[in-house]
Amino acid sequence: MTGAFDTVLVVDFGAQYSQLIARRVRECQVYSEIVPATVTAAEIASRRPAGVILSGGPASVHVEGAPGLDPAVYSLGVPILGICYGAQLIAEQLGGSVGPNRRGEYGRAEMTATGDGGVLLAGLPSPLPVWMSHFDAIAEPPPGAIVTAATAASPVAAFENPDRGLYGVQFHPEVEHTPQGREMMERFLRRACGAELSWSMHSIIESAVASVRDQIGDGRAICGLSGGVDSAVAAALVHTAVGDRLTCVLVDTGLLRHREADEVEEAFGRHFGADLVRIDAANEFFAALEGVTEPEAKRKAVGEQFIRAFERARSRIPDAGFLVQGTLYPDVIESGATTHSSTIKSHHNVGGLPENLDFELVEPLRSLFKDEVRSVGAELGLPPEIVNRQPFPGPGLAVRIIGEVTPEAARTLRHADAIVREELRRAGLEQEIWQSFAVLPDIRTVGVMGDERTYGRPVVIRAVTSSDAMTADWARLPHEVLEAMSSRVIAEVDGVNRVAYDITSKPPATIEWE
Ligand code: XMP
């Protein structure tokens, strides 16, 4: 879908910020992709990029085995911006020099322009706060380049040689702590690369729709809707492309959140007029989960039932040759896949489909970040309840009910969970929280209601902040919000007489309880 856009390639030297650089470039409306440090000049040339950005990296350019760039890249005539390690690499490989700094430079630094500041910095305030994170520092830029800025610890904080299309910055323009960073990136893209700023929501959709049409031709596709954002947006895009030659399959497992299946059915059936097969399989799921208490055994049981339900749906659409998946760009980067892979990841949001399903995959979100996916969804008219939805695990409530998963436990948890999420929304905090939900532990607790002794179950509230689910912190929810959740859960959910708040980060805990 991306051939139509000017592209900037981000060469990843192991930086924690590579993805952020690519996202920033896209925010400037230029399409950007990440490529590994081993990329060759020929591979880069074949992509005909408007520019190349060399990321930072944890290594010192002097360490044995430190990643380098194929030197032929410097002769391609493609403008290059080096950031931190990337800038040091340009200096080192093109005849400048890099030395260890006396003390390194970490965090905020004041940077002063030298001369007129060049293409990247001319006319910006000076001094200027920038974010630094390096030990080595550039001592001399490559011959022909001029130094355009310095800090107390970095005599060469920025250099450039516009005639050769070479730009280097020791600081990180991609992080928020460099307030003018976006302006500098935009100058590189616009002035140095002459890139067309065409990566807009409208053009993303247009191009995705065209490539889906191309791939599916006059075939028929099927898409499992999990209730999550990714599968919903993927389905909406494919529906825009091929209309009723897409059939959406919604499996109601009995383990979804309150009104989740209905909302998805309303959005797709009513709003889009999409062909939707709803399989109500709650009884089968609960039967399979009877007596199962071990978390991985639950996942397996749910996964198996999911496949059965999906196959039931599929038998009604025998000529479907394509399976739509909501794979996102970070999944592609993490799996190290550079070409379209044909296997289906077991953790995928439809709940883990087997690898031998005889489909060709359609992955219209493969080059998009999560925030872009949400924008595409909103642009296509999906309702905010779906577009802004928090992530939800494939096995659903089964991994939030500790012990045996019964219909009654699912009812109790679903009700408590709905209250937790509703109060969070009412407090206007839904967007700040990565995930917030209720958990039903397998214990009993004594309480007193009116004059009566009660012996019921506790509910645990879990709310975390995170940017990628790899690490998470417990959310410092206002006490009034927690109080509202607690009193409503006790008053409204039968059988619950105590509410606790989970104050564990990840690690050492995980986000889910199982
Ligand atoms: P943990 O609990 O490992 O969760 O910190 C990280 C993220 O993954 C989600 N999660 C799952 N998603 N199938 C899924 O599709 C699963 O079995 C599963 N387990 C956890 C979890 O909700 C969080 O967003």
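Strand E5 (residues 97-113) supplies three residues to the lining of the largest cavity, the largest share; strands are DSSP runs of at least two residues, numbered from the N terminus. The model is predicted: local features need pLDDT of at least 70 and side-chain atom pairs pLDDT 80 or more, while totals for chains, interfaces and linings use all residues. Residues are numbered from 1 along each chain as its sequence is written, and side-chain values use heavy atoms, without hydrogens and water.

Searching the whole structure gives one cavity of 30 Å³ or more. A cavity is a set of points, on a 1 Å grid over the protein atoms alone, where a 1.4 Å probe fits but cannot get out, and lining residues have an atom within 4 Å of a point. The largest cavity holds about 40 Å³. Its lining includes Met-111, Thr-112 and Ala-113, as well as Leu-121 and Pro-125. By class, this lining has six nonpolar, two polar and no charged residues.

The table gives polar contacts, pairs of N or O atoms within 3.5 Å.

| Residue | Polar atom | Distance to a ligand oxygen |
|---|---|---|
| Lys-506 | side-chain | 2.7 Å |
| Ile-511 | backbone | 2.7 Å |
| Glu-512 | side-chain | 2.5 Å |

The ligand taken alone exposes 500 Å², of which the protein buries 75% (Shrake-Rupley method, 1.4 Å probe).

Technical notes:
Polar contact = N/O pair within 3.5 Å; in protein donor to acceptor, adjacent residues only side chain to side chain. 1 Å grid on protein atoms, 1.4 Å probe; cavity = no way out; pocket = protein on both sides within 12 Å on 5 of 7 lines; lining within 4 Å. Points joined across faces, edges and corners; volume = space filled by probe spheres on them. Helix = DSSP H or I, 4+ residues; strand = E, 2+ residues; numbered from the N terminus. Nonpolar A, V, L, I, M, F, W, Y, C, P; charged D, E, K, R; others polar.
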